[in-house]
Amino acid sequence: MSDYQFIKSQDEKVYEALAGEVLRQQTGVELIPSENYASRAVREANGSILTNKYSEGYPGKRYYGGQEFTDVIETLAIERAKELFGCGFANVQPHAGAPANIATYFALLEPGDTIMGMDLSHGGHLTHGHPVTYITKIFNFVRYKMKNPDTGEIDYEDMLKVAKETKPKVIMAGFSAYSRELDYEQFVKIGREVGAVVIGDVAHIAGLIAGGALKNPFDAGFDVLLTTTHKTLRGPRGGMILTREDADIAKKINKEVFPGFQGGPIMSNIAGKAVAFKEALQPSFKDYATQVIKNAQAMAQVFKENEVRLLCGGTDNHLVLADVYGSLGITGQEAEVSLDEVGITLNKNMIADDPRSPMDPSGIRFGTPAMTTRGMKEAQAIKLSEIMLETLQNKDDAQEKAKIKRRVEELCLEHPIPEVFN
Ligand SMILES: *Cc1c(COP(=O)(O)O)cnc(C)c1O
């Protein structure tokens with residue numbers, strides 16, 4: 001871990017908060033499924049002097065001089081991304097996942113056009129049409145849902161029916177709170193039938209796809225993939241847009257990311273992406289991706305054995321959604337707070353057709369990317385799940401929780417963040 005000596009000597013307040021966060025990340029277990037530990041090399045690139053440089057445009061076609069090295073870096077990021085996902089085009093400039101999604105909507109649609117996405121309460125993301133987002137003022141969103149929240153099966157029949165009625169120009173397959181694999185062939189079939197561009201927002205699962213542990217939607221014929229780079233993919237915070245072929249759609253996307261929607265690219269961030277993609281191309285990344293899923297399945301099993309209802313009935317990926325209110329009479333908010341108190345970080349989450357409110361929903365969502373990067377395997381996943389259930393049973397017992405916190409710290413000491421990620 002960097003000792004942040006320069007910050008320490010000139011900015012005590014930021015240094016203190018940063019040092020606190022270092023300790024928090026080292027001594028607690030991170031179970032937020034969208035978080036991870038980026039490697040030192042990724043962070044070195046992301047914090048490099050490239051932050052000084054303006055590079056509006058794309059490699060070979062920039063609006064500023066002095067691009068001989070930035071062009072090399074962005075080209076490396078692009079070529080590695082294409083190799084990782086087996087596709088023909090990548091734009092690595094989106095500052096985060098949401099801007100990647102919005103730029104893509106603008107590239108492919110006119111105001112007033114219709115986008116079909118997964119219902120938010122069934123696992124979809126804010127950027128797929130939540131009423132609180134600005135894009136819902138510009139585009140019209142229609143939804144598909146699970147047929148049965150206890151298996152996770154999507155209602156493809158209803159999806160086709162709604163698609164035929166509403167003629168979406170884009171169909172989004174993607175989620176941030178859903179634990180099964182989607183049937184990508186069905187999405188492509190429905191998309192082709194109504195003439196929609198079929199887009200996979202794989203922000204959460206990109207690392208599992210890159211590591212070969214989950215299916216790649218391009219293999220089923222998807223047109224576009226959108227992703228973040230900081231979740232399972234374990235890169236710096238950022239976004240990326242991929243298309244199957246470097247054709248018409250790719251040109252529109254490049255134009256819309258810059259100058260349409262963003263200004264200058266964050267070249268230090270793009271360097272971090274390039275380094276992360278090289279890491280993800282190594283054989284060890286496959287082991288990580290496989291282990292992430294094994295760990296999530298081991299955790300799901302313990303919850304099931306203890307009669308906690310899991311949405312989708314279990315998991316195929318890196319995350320688990322548990323109905324703690326329905327099963328244990330503890331709200332998602334209460335669960336999040338009690339677990340935080342013992343050093344386990346996760347988030348409360350709405351469950352499908354939740355009778356409760358977003359600020360105090362019925363569920364919790366947790367996942368295994370960060371703990372897997374930390375070197376934990378099934379044995380630790382099982383131990384952690386047992387600790388979580390014990391915490392929930394003792395949520396009002398401060399003494400018991402203090403004891404549990406020490407056990408969590410011990411577990412972290414036994415599995416320190418590996419040198420390359422620390
Ligand atoms: C996380 C996420 C995003 C947004 O990414 P940000 O980097 O937070 O903007 C978009 N779509 C899905 C499915 C996500 O999970």
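This report describes the domains, the ligand site and some backbone features of a predicted model.

## Domain arrangement

The domain assignment divides the protein into domain 1, residues 44-280, and domain 2, residues 287-414. Taken over C-alpha atoms, the centres of domain 1 and domain 2 are 29 Å apart.

## The interface between the domains

Contact between the two domains involves 24 residues of domain 1 and 24 residues of domain 2. The size of an interface is often expressed as the accessible area that is lost when the parts come together. For domain 1 and domain 2, the area buried between them is about 2000 Å², and carbon and sulfur atoms account for 54% of this area. On the side of domain 1, Ser 179, Arg 180 and Arg 234 supply 29% of the area that this domain buries against domain 2, more than any other three residues.

## Surroundings of the ligand

The ligand is surrounded by 14 residues, of which the closest are Gly 97, Ala 98, Asp 201, His 204 and Lys 231. By class, this shell has 8 polar, 4 nonpolar and 2 charged residues. Helix H5, which covers residues 97-108, provides the largest share of the shell, with 3 residues.

## Polar contacts and burial of the ligand

With His 125, a polar side-chain atom lies 3.5 Å from a nitrogen atom of the ligand. The ligand taken alone exposes 380 Å², and the protein buries 85% of that area.

## Backbone features

Phe 258 and Pro 259 are joined by a cis peptide bond, with omega at about 10 degrees. Pro 259 belongs to helix H9, which spans residues 248-261.

Arg 234 is not a glycine, yet its phi is positive, at about 65 degrees. This residue is placed in the loop between strand E11 (224-228) and strand E12 (239-243). Arg 234 is also one of the three residues named above for their share of the area that domain 1 buries against domain 2.

Technical notes: Residues are numbered from 1 along each chain as its sequence is written. This is a predicted model: local features need pLDDT of at least 70, side-chain atom pairs count only at pLDDT 80 or more; totals for chains, interfaces and linings use all residues. Side-chain values use heavy atoms; hydrogens and water are left out. A residue is near a molecule or strand if one of its heavy atoms lies within 4 Å of it. A polar contact is a pair of N or O atoms within 3.5 Å; within protein, one must be able to donate a hydrogen and the other to accept it, and residues adjacent in sequence count only if both atoms are side-chain atoms. Accessible areas come from the Shrake-Rupley method with a 1.4 Å probe; for residues, only the protein chains shown count as cover. Helices (H or I, at least four residues) and strands (E, at least two) are DSSP runs, numbered from the N terminus. Ala, Val, Leu, Ile, Met, Phe, Trp, Tyr, Cys and Pro count as nonpolar, Asp, Glu, Lys and Arg as charged, and the others, Gly among them, as polar. Domain bounds come from an automatic or database domain assignment. Contact means heavy atoms within 4.5 Å. Buried area is the accessible area (1.4 Å probe) that two parts lose on being put together, summed over both.
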